[in-house]
Amino acid sequence: MDINKKNLSIIGLGLGILIFFFGIGIYFLLGPSTESYQIPRQISSVFKLTGMGILVISMIIAGFFAEGIEKDTKIILLIFGIILLLINILIMSIPGT
Amino acid sequence: MLGLKNKDLVMIGVIIGIALLFIGAIINNVFPSSTEEMIGYKVSSFLKMMGLGFLTCSMIIGGIIVDDIDKNLKILLLIFGLIILLIYSVGSEQLKWDIGSNLVSDNTSLEEASYEYRPTGYGTPGFELIFAVFAIISVFIFWKIIKKT
């Protein structure tokens, strides 16, 4: 497989989604978190936000710069990348969430 | 890899994803959880989430890289994958298992509160439905905008 922007974006997309869902799932496996035991929440947040970060970067990069992807697909990726970024700014990256 | 094409890999991803989702649901029913023993619930929820992860991942990647399927189907695969992702991005806040001190009282132990307030995906009744409707409406609006440009 060639290392180019398209392939790297696709690997980033896949990896980001898997890390994000792993982050949601690990909360159930380690939980529940209480006021004195915060490890499940901390680990889950690290995975969720890391996954979402990789995912949003890949989507926006693929939408703007990747070559060899159809025009409609690129626009959809870009729009959803921006929507996810806004969701993260407004909801997920608030401390305590 | 093993002579498999992109289409086959995406298909295997979808199969694994849906299979994990249903295996998780079966485990939850075969090993019911209680206030004393919640391992069934934990394993089942983890498997279900990983299944959804594989499914979403396969749908979105399939919507970008698979060449030998109809173009409309490809776009549909991508959009539905992104809708699932959007729903779970917003819904992940509802899927937290946080037991605050206000939930534990003299009459309720930590174990009982953990069992009582475990997220089942239906913490707020029908929360997925509300986000799904919003997501579908937004997709249609964006689709109209894309078609015009």
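Colleague: Helices here are DSSP runs of H or I with at least four residues, and strands are runs of E with at least two, both numbered from the N terminus. How many helices and strands are in chain B?

Modeller: This is a predicted model. In it, chain B has 5 helices and 0 strands. Starting at the N terminus, the order of elements is α-α-α-α-α.

Colleague: What is the confidence like in chain B?

Modeller: The mean pLDDT of chain B is 80, with 89% of its residues at 70 or more.

Colleague: What does the predictor give for the complex?

Modeller: An ipTM of 0.84 and a pTM of 0.81.

Colleague: Now the largest nonpolar core. Which residues touch the most other members?

Modeller: That core has 47 residues, and the ones touching the most other members are A:I17, A:L55, A:M59, B:I60 and B:L82. Two or more residues come from each of α1 (5-30), α2 (39-64) and α3 (71-92) of chain A, and from each of α1 (6-30), α2 (39-65) and α3 (71-91) of chain B. The element that gives the most is α2(B), with 12 residues.

Colleague: Take A:L55. What does it touch?

Modeller: Leaving out residues up to four places away in sequence, A:L55 touches A:L13, A:G16, A:I17, A:F20 and A:L84.

Colleague: Back to α2(B). At what angle does it pack with α3(B)?

Modeller: The angle between α2(B) and α3(B) is about 145°, and their axes are 7 Å apart. The crossing of α2(B) past α3(B) is left-handed.

Colleague: Which residues make the contact?

Modeller: From α2(B), they include B:L52, B:T56, B:M59 and B:I60. From α3(B), they include B:L78, B:G81, B:L82, B:L85 and B:Y88. The residues of this contact divide into 12 nonpolar, 4 polar and 1 charged.

Colleague: How much of chain B counts as buried?

Modeller: Of its 149 residues, 31%. As for contacts in chain B with a separation of 6 or more, residues 24 or more positions apart account for 61% of them.

Colleague: One more residue, A:G23. Where does it lie?

Modeller: A:G23 lies in helix α1 of chain A.

Colleague: Why does A:G23 count as buried?

Modeller: A:G23 is buried because 22 other C-beta atoms lie within 10 Å, and the cut-off is 20 or more. Not counting residues up to four places away in sequence, A:G23 touches A:S44, A:F47, A:K48 and A:G51.

Colleague: And how far apart are A:G23 and A:I82?

Modeller: A:G23 and A:I82 are 59 residues apart in sequence and 21 Å apart in space, C-alpha to C-alpha.

How values were computed. Residues are numbered from 1 along each chain as its sequence is written. Chains are lettered from A and ligands numbered from 1 in the order in which they are written. This is a predicted model: local features need pLDDT of at least 70, side-chain atom pairs count only at pLDDT 80 or more; totals for chains, interfaces and linings use all residues. A nonpolar core is a set of buried Ala, Val, Leu, Ile, Met, Phe, Trp, Tyr and Cys residues joined through C-beta atoms within 7 Å. A residue is buried if 20 or more other C-beta atoms lie within 10 Å of its own, exposed if 12 or fewer, and partly exposed in between; C-beta atoms are placed from the backbone. Two residues are in contact if their C-beta atoms, placed from the backbone, lie within 7 Å. Axes are lines fitted to C-alpha atoms, for helices over the stretch in contact, and angles run from 0 to 180 degrees between N-to-C directions. A crossing is left-handed if the near helix is turned anticlockwise from the far one by less than a right angle, and right-handed if clockwise. Ala, Val, Leu, Ile, Met, Phe, Trp, Tyr, Cys and Pro count as nonpolar, Asp, Glu, Lys and Arg as charged, and the others, Gly among them, as polar. pLDDT is the predictor's confidence in each residue, from 0 to 100.
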